[in-house]
Every structure is written in C-alpha cells, then in structure tokens.
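Thanks for coming, everyone. I have one structure to walk through today.

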Amino acid sequence: MSKVDRRIAKSQEAIKKAVLELMSEKNFDEITIQDISDRANVSRGTIYLHYMDKFDLLDKLIEEHINEMGEICKSTSEMDYKDANMPWFEYLKSHYLFFSTMLASKGAPSFRRQFHEFLAQEFKDEIDTSQGKNHELNEDVLLQFIVTSYVGIVEWWITNGMPYPPHVMAEQVGILLERNL
C-alpha cells in the first residue's frame, strides 16, 4: 500500500472542508474554484491537480462518504439493528458538517438521491415479505418505506442539531427497524 504524502492529504482535506463551508453559506452554483482556493488557502492549480472541476470535487466527496458508510455496513452486518446503528450515528455526528450541508443544501440534491439508493441496496436483503408480520406486503413498497424513513430520521436529526446523542438514536431507530423488518 502506497503512503499518501501528508501535504497532499492536508491540501485535499482543506479543499473538502472549504467547499462544505462555502456550501453552507451559499448555493453550490454560485461557488467558484477561486472561492474554494481562497477558503482552502491553496492555489487553483492544486485544486485542478486533484479534481477536474467543482462538480468532480463534490462527486468525490459524496462518494468518499458513501463508501465509508458501506464499510460500516459490512462491519456491522452480523449485529442486531440497535448495535449496528451505533457506528452509523457516531459517523453521522463526527461528519456533521458534511451531512448538515448535504441535507440542507439546495446545491447537492444528488447526495440525498445517492444516500437513498445506497440505503435501498443495504436494506434490500433485509426485506422478507414471504412470512410473518410483512407477509403479503409488496417488497418494493416496504423497502421504500424503510429507506425513506431512515433518510428522513437522519435528515431530521442532523438538521435539528442532533437533539439526542448517537446512542439514543441508535437504540430508537434500531427498535423501529426491528418492528418493521
């Protein structure tokens, strides 16, 4: 595994943080590469060294978080819903700037769609309508209900300044998932 130069990593983190801060202040369409460059205290050339344009930067930032959430799902796949939700809500809390910006921003509707699609893939195998409480329900309807609820509760929690600690959210959401899946 090759080591990433600390200066490169530091520049990339500054660029990502800058675009998130700017998105929390104004519409993504109004943000320029110069704005990002100024905020991150790097040259425009440094940004173009890593990203084709601001859209590529945003796409890569979203992809990075979706991939990390995928890793969380893999590592928690054998746990019950309450325990599996704990790393999720801790991750959401530790990346509050990203999630609050993406969920509140009019300039990043693709994040909500990608988050929804990601969760649909993750919950797809959890859906069982062949027996029990969900017998005879339509799989697609149940999946959309679960995914939309999950996205909605995350959005509510983040946009309301995380009124409950991650362990409370993990427990509450875990109970709701167990009741419905």
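Start with the buried residues of α7: F111, F115, H116, F118, L119, A120 and F123. Buried means under 20% relative accessible area, exposed means over 50%, and partly exposed is in between, with a 1.4 Å probe and protein chains only. Before going on, a word on the source: this is a predicted model, where local features need pLDDT of at least 70, side-chain atom pairs count only at pLDDT 80 or more, and totals for chains, interfaces and linings use all residues. Numbering runs from 1 along each chain as its sequence is written, and side-chain values use heavy atoms, with hydrogens and water left out.

Back to α7. It covers residues 109-124, 16 residues in total. From first C-alpha to last it reaches 23 Å, close to the 22 Å expected at 1.5 Å a residue. That expected span is 1.5 Å times one less than the number of residues.

What do the buried residues of α7 pack against? They pack against α4, α5 (81-94), α6 (96-104), α8 (139-159) and α9 (166-180).

Now look at α4, residues 54-76, where H65 sits. H65 counts as buried because its relative accessibility is 5%. Leave aside neighbours within four places in sequence, and H65 is in contact with Y91, H95, F98 and F99. Contact here means heavy atoms within 4.5 Å.

**The whole protein**

Step back. The protein has nine helices and zero strands. Helices are DSSP runs of H or I, at least four residues; strands are runs of E, at least two; both are numbered from the N terminus. The C-alpha trace spans about 60 × 40 × 30 Å along its principal axes. There are 181 residues, and 41% of them count as buried. Take the contacts between residues at least 6 apart in sequence: 65% of these join residues at least 24 apart.

How confident is the predictor? The average pLDDT is 92, and 96% of the residues score at least 70. pLDDT is the predictor's confidence in each residue, from 0 to 100. Confidence is lowest in α6, at a mean of 90, and highest in helix α2, residues 33-40, at 97.

**Salt bridges**

How many salt bridges does a search of the whole structure find? It finds 11. The criterion is a side-chain nitrogen of Lys or Arg within 4 Å of a carboxyl oxygen of Asp or Glu.

First up, K16 and E13, whose side chains meet at 3.4 Å, N to O. Both lie in helix α1, residues 6-25, three residues apart, about one turn of the helix. K16 counts as buried, at 12% relative accessibility. E13 is partly exposed, at 45%.

Helix α4 has a pair too. K74 and E71 form a salt bridge, also 3.4 Å from N to O. They are three residues apart in helix α4, so about one helical turn separates them. K74 is exposed at 59% relative accessibility, and E71 is partly exposed at 43%.

Next, R39 and E25, with their closest N and O atoms 2.8 Å apart. R39 is partly exposed, at 34%, while E25 counts as exposed, at 52%. R39 and E25 also belong to a network of salt bridges that includes K17 and E21.
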